[in-house]
Amino acid sequence: MQFRDLGLPATITRALEEAGYTEPTSVQAEAVPAALAGRDLLVSAQTGSGKTAAFLLPALTKLSERSTMRGNGPRVLVLTPTRELAQQVEKNAQVYGKDLRWMRTACLVGGSSFGFQIRALSRPIDLVVATPGRLMDHMRSGRIDFSRLEMLVLDEADRMLDMGFIDDIEAIVKATPETRQTVLFSATLDGIVGKMAERMTREPQRIEIARTETSGGTIEEHLLYADDLNHKHRLLDHILKESGFDQCVIFSATKAYTEELADKLSDQGYSAACLHGDMPQSWRNRTLNDLRRGRIKILVATDVAARGIDVPTITHVVNFDLPKQAEDYVHRIGRTGRAGRDGTAITLAESKEFHKVRRIEQYLKRQIVEGVIEGMEPTRRPPKGPRRTGGKPGGYGNNRNASGNGYGRDRREGGYGRGEGYQKRGPRRDGPSSSPRSSSHRAD
Ligand code: AMP
């Protein structure tokens, strides 16, 4: 299928071609025609699936025709959980809508000056991308008029609920016209998200995109168990020295530790920086720009701050700490393998955290290949269990990672190419075949 088969205006298909998009991703092929037909949509799709264009293309198609309604208020409103994601969505809208010369967009997020946002709202605006908190501030001051609103998009709705935005979202939805089209994207449509979605949509079409079906390249995933924090640091040193990474995002559980780790890596001579939610927005923006320009090679980030990072040159993701929520694993590793490139994601876990790893695997409905670095094996192994890796008791699998995509190079192995120093444990006794690619999947 081609973009021109989706019923988009030529101005937009041209911009997509220029952006290098040759064909729609699954979520785009399904969601765009349905949204263009005016349907409300509930879409379960992950970041990396091309979901942003899936809602922006129909939105921009609306904006390609001028409104006959008077007023300054937005015609399209996109709500996102984080500032970075909001900025990314606005940026994508400007790329896809570059030939809609009259189109005016605004990004209303916390941490940025009110003055600029107020000025943007004082003239007719077409597309507003906002985080719920800041949008509520503007609504309370009576600065937003939703009378012209044609389309409301909730992006990463599950995450917005996790972040406690439910009351804000309900209030925002209530303030918008009933005639609006509502499109909701979420990793899951179950539970509380599904209930909220029912309340705010009319006869919605449900679209579910399998987790593995995405627009990105292949991500090779690895899991390394460690005895303790020191051991994790030794593994990280090894990974950074041997992986041949171009740019790497390291995830840490706490804001304080992102700073500590970034400082430590800078002291070691890496061009490293941290990114977390307590940093002033201008500083966060500067850090992301430096990452995009390649000035920063290692970004140490928390989960919230890293959402929306879309930098195709990120070759590696390291989970220095496990994510608190299983679905964050998917978001984290989706920072690499973008724009059709391949990436590598390495997860470090203390042996005692095996149950958290299992929870992630249950969420993924697949297993992450467990490996070891020779000479840096954990002394304590995760206990035996139904989903445990097999291999010789007390020993380590000796299969070389034949995929050629392992992260490491191990001098003892004498090899220095990608994947040459990585040892994968033997196949799990009860699991699916542990072929070198069994843990690869498309970027999401
Ligand atoms: P998203 O899931 O919206 O965060 O998109 C993930 C990445 O895929 C972004 O880098 C997009 O620019 C890119 N992308 C989205 N749609 C396409 C497409 N049809 N062809 C190629 N790349 C795409």
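The ligand is surrounded by 15 residues, of which Tyr21, Gln28, Gly48, Gly50 and Thr52 are the closest; a residue counts as near when one of its heavy atoms lies within 4 Å of the molecule. The structure is a predicted model, in which local features need pLDDT of at least 70, side-chain atom pairs count only at pLDDT 80 or more, and totals for chains, interfaces and linings use all residues. Residues are numbered from 1 along each chain as its sequence is written, and side-chain values use heavy atoms, with hydrogens and water left out.

The shell around the ligand comprises three nonpolar, eight polar and four charged residues. A side-chain N or O atom of threonine 52 lies 2.5 Å from an oxygen atom of the ligand, and one in the side chain of glutamine 28 is 2.8 Å from a ligand nitrogen. For lysine 51, a backbone N or O atom is 3.3 Å from an oxygen atom of the ligand. The protein covers 87% of the 500 Å² of accessible area that the ligand has on its own (Shrake-Rupley method, 1.4 Å probe).

Helix α6 spans residues 132–140; helices are DSSP runs of H or I with at least four residues, and strands are runs of E with at least two. Pro132, Arg134, Leu135, Met136, His138 and Met139 are buried in α6 (under 20% relative accessible area, 1.4 Å probe, protein chains only). These buried residues pack against several elements, including β2 (76–79), β3 (105–108) and α8 (166–175).

The chain averages a pLDDT of 83, on a scale of predictor confidence in each residue from 0 to 100.

Key:
Buried < 20%, exposed > 50% of the residue type's maximum accessible area, 1.4 Å probe, protein only. Contact = heavy atoms within 4.5 Å. Polar contact = N/O pair within 3.5 Å; in protein donor to acceptor, adjacent residues only side chain to side chain. Nonpolar A, V, L, I, M, F, W, Y, C, P; charged D, E, K, R; others polar.
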